[in-house]
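Here is the note you asked for on how the side chains pair up. Please keep the structure open while you read.

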Amino acid sequence: MRFKKGSKVEVLTMKEVPTGAWRCAEIISGNGHTYCVKYGWFPITGKAALVERVPRKAIRPCPPPINGTDDWVPGDVVEVFDELCWKPAVIVRVFGGNNMFSVRILGLKSQLKAHQSRLRVRQSWEDGNWLLVGKGSSNSSGPPKRKRSSLGFPEAGGKKMKVIEKEYLMANVEGIHTLLLKP
């Protein structure tokens, strides 16, 4: 997919977490193979925008919002907005009337509290289509054309969850490396 100047996109970064995170950016220029992107177009940052050249394969359009995904339960795999990046995480605990959550970013041990507004369904951009990953994959009538099943973590903090999560992390990292190394 080619991106136009001014397009709002997300760029894959491996600097934030070992599993990768999606950072919001704006296209400044590009030749179809690499693009110059500007981060920090959020007015809340207060810092000068960082500019970087990245390969096309590390860029995707911003995913569409998915409605009806506010019934998160422990074990659900989501993305949490943290430090200006969308990071893969797992719900550990629900509190505050189902609008506050304790989440653990995949690949890290620490937990953080997040309001429902900082969570979103994981989506994958493949062959020009959005695929739902995890929660919402079976009940969404939104834009994604194909569906994926949930990863099915049985319980937060259990040994089985750790084994499944490790397998997921390895597959995710291998997939990202394959994506970035494809000709």
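The points below go through salt bridges, charges over rings, aromatic pairs and cysteines.

1. Before the details, please note that this is a predicted model, in which local features need pLDDT of at least 70 and side-chain atom pairs count only at pLDDT 80 or more, while totals for chains, interfaces and linings use all residues. Residues are numbered from 1 along each chain as its sequence is written, and side-chain values use heavy atoms, with hydrogens and water left out.

2. Side chains of opposite charge can pair when their charged atoms come close. A salt bridge here is a side-chain nitrogen of Lys or Arg within 4 Å of a carboxyl oxygen of Asp or Glu, and a search of the whole structure finds 9 of them. In one of these, Arg-60 pairs with Glu-10, and the closest N and O atoms are 2.9 Å apart. This pair links distant parts of the chain, since Arg-60 belongs to strand S5 (residues 59-61) and Glu-10 to strand S1 (residues 8-13), 50 residues apart.

3. Are the two partners buried or exposed? Buried means under 20% relative accessible area, exposed means over 50%, and partly exposed lies in between, as found with a 1.4 Å probe and protein chains only. Arg-60 has a relative accessible area of 3% and is therefore buried, and Glu-10, at 2%, counts as buried too.

4. A further salt bridge joins Glu-79 and Arg-122, with the closest N and O atoms 3.6 Å apart. Here again distant parts of the chain are linked, with Glu-79 in strand S6 (residues 77-82) and Arg-122 in strand S11 (residues 122-126), 43 residues apart. Glu-79 counts as buried because its relative accessibility is 1%, and Arg-122 counts as buried at 10%. Through salt bridges that share partners, Glu-10, Arg-60, Glu-79, Arg-120 and Arg-122 are joined into one network.

5. Lys-87 and Asp-82 also form a salt bridge, their closest N and O atoms being 3.0 Å apart, and both residues are buried.

6. A charge sits over a ring if NZ of Lys or CZ of Arg is within 6 Å of the ring centre and within 35 degrees of the ring normal. The charged end of Arg-23 likewise sits over the ring of Tyr-39, 4.2 Å from its centre.

7. Which kinds of aromatic pair are formed by Phe-81 with Trp-86 and by Trp-125 with Trp-130? Rings of Phe, Tyr and Trp (its six-membered ring) pair if their centres lie within 6.5 Å, and planes under 30 degrees apart count as stacked, over 60 as edge-to-face and the rest as tilted. The structure holds 3 aromatic pairs. The rings of Phe-81 and Trp-86 have centres 5.0 Å apart and planes at 55°, so this pair is tilted; the pair of Trp-125 and Trp-130 is tilted as well, at 4.9 Å centre to centre and 55° between the planes. Phe-81 and Trp-86 are buried.

8. Finally, the structure holds 0 disulfides, a disulfide being a pair of cysteine sulfur atoms within 2.5 Å. The cysteine sulfur closest to that of Cys-62 is in Cys-24, 5.6 Å away, which is too far for a bond.

Note on methods:
Helices (H or I, at least four residues) and strands (E, at least two) are DSSP runs, numbered from the N terminus.
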